[in-house]
Amino acid sequence: MYAQMVKSTGQAVKTRAEMSAEEGRFQDRIDAGEKIEPKDWMPEGYRRTLIRQIGQHAHSEIVGQLPEANWITRAPTLERKAILLAKVQDEAGHGLYLYCAAETLGVSRDELTEMLLDGRMKYSSIFNYPTLSWADMGAIGWLVDGAAIMNQVPLQRCSYGPYSRAMIRICKEESFHQRQGFDIMMKMAGGTAAQKRMAQDALDRFWYPALMMFGPSDGDSVHSAQSMAWKIKMNSNDELRQKFVDQTVPQAEFLGLEVPDPALCWNASRGAYDFSQPDWDEFFRVIAGDGPCNRERIAARRMAWEDGQWVRDGLMAHADKARAAAAGQEEAVA
Ligand code: 3HC
């Protein structure tokens, strides 16, 4: 089974014969569907892959607040403002659960943040696109949270216990986010001609960036084969992208909006939609740091990190004092 899982780089995932006894036992646990917990033995590559994926996921949740926060003060009604505020707060919570899950692997939140700020870690490409109108809040909830759920529901069954448990909570909240986005789209698409145009424009701008969220085509996905063997990923990038298209096209039809893809058509023999691929050159440019908002996003994270230094210093000083006081009390008792 593993011999067939050859990475696109040409590097094969270890065969059973190539695994050490410990690695073989570990793979048996994975294959039997057991959860791996923080204190269990794990191959170094498994640990590193999880730190990369969970850290990138956590950063995405935090950076993902920025494009939507842009519209909190401009939401059209008090109710919409309260809902958007709650959604953006949920994303902060998701980031925190995920940083905690990553910390169980022996990396600190400070290290993860530093890796984000100096470019050693990524965050999702989607958050490098600007939010130009209120309809973008609808498109983000519908498409971006919709794509996130498509990717994250299977991750509830992933092999690493803390990550899979974080995903259960996160997915519940993401499904509320997706519905609030679709609700905004229904309102806009069913509104005045100008509102419907805004909804269509938002769909036009977010369709291909949403498809990119699933990662490069399977042939260019360097990590998929090993991550799937370890059940860190449950599906390939192309599988999930196809499921997302199949789920979303009827929703666009229901809204009376047009998916911006002239090649989109139902393929009865496959039982799935044929669709155009995103511009992969653009994707690789964006993840390399050269998208429309990359610099702005990182500058915002850097400012928040630097502005928060005094809070972290204060907390550390308080913890040191509390530790010293506790040690003093112990000495007095002895
Ligand atoms: N954005 C940025 N980088 C991406 C990417 C994307 N959409 N898709 C892939 N990449 C990067 C990978 O990180 C990898 O780079 P690296 O080696 O420097 O880390 C490279 O492109 C090759 O891609 P692979 O397919 O080999 O990478 P993975 O196997 O890690 O698959 C993934 C990519 C499908 C995104 C996977 O990491 C994953 O499932 N992650 C967990 C979910 C996640 O992070 N979602 C982010 C969105 S969360 C969110 O949107 C918040 C919500 O509130 C809306």
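Accessible areas here come from the Shrake-Rupley method with a 1.4 Å probe, and for residues only the protein chains shown count as cover.

**Ground rules.** I'm working with a predicted model, where local features need pLDDT of at least 70 and side-chain atom pairs count only at pLDDT 80 or more, while totals for chains, interfaces and linings use all residues. Residues are numbered from 1 along each chain as its sequence is written, and side-chain values use heavy atoms, with hydrogens and water left out.

**Whole chain.** I looked up the accessible surface of the chain: about 16,500 Å², with 57% of it belonging to carbon and sulfur atoms. I then checked burial (buried is under 20% relative accessible area, exposed over 50%, partly exposed in between; 1.4 Å probe, protein chains only). Of the 334 residues, 49% count as buried. I find 13 helices and 2 strands in the chain, taken as DSSP runs numbered from the N terminus (helices H or I, at least four residues; strands E, at least two).

**Charges.** I get 39 positive and 46 negative side chains, with the centres of the two sets 2 Å apart. Lys and Arg count as positive, Asp and Glu as negative, and His and the chain ends are not counted. Each charge is placed at NZ of Lys, CZ of Arg, CG of Asp or CD of Glu.

**Salt bridges.** My criterion is a side-chain nitrogen of Lys or Arg within 4 Å of a carboxyl oxygen of Asp or Glu. The whole structure gives 22 of them. I looked at Arg16 and Asp28, which meet at 2.8 Å, N to O. That pair links distant parts of the chain, with Arg16 in the segment before helix 1 (21-31) and Asp28 in helix 1, 12 residues apart. Arg16 is partly exposed at 38%, and Asp28 is partly exposed at 43%.

Next I took Asp238 and Arg241, bridged at 2.7 Å, N to O. They sit 3 residues apart in helix 10 (residues 237-255), so about one helical turn separates them. Asp238 is partly exposed at 25%, but Arg241 is buried at 0%.

**Glu61.** Glu61 lies in helix 2 (residues 44-63). Setting aside residues up to four places away in sequence, Glu61 touches Glu91, His94, Gly95, Leu98, Gln152, Ile170 and Glu174; contact means heavy atoms within 4.5 Å.
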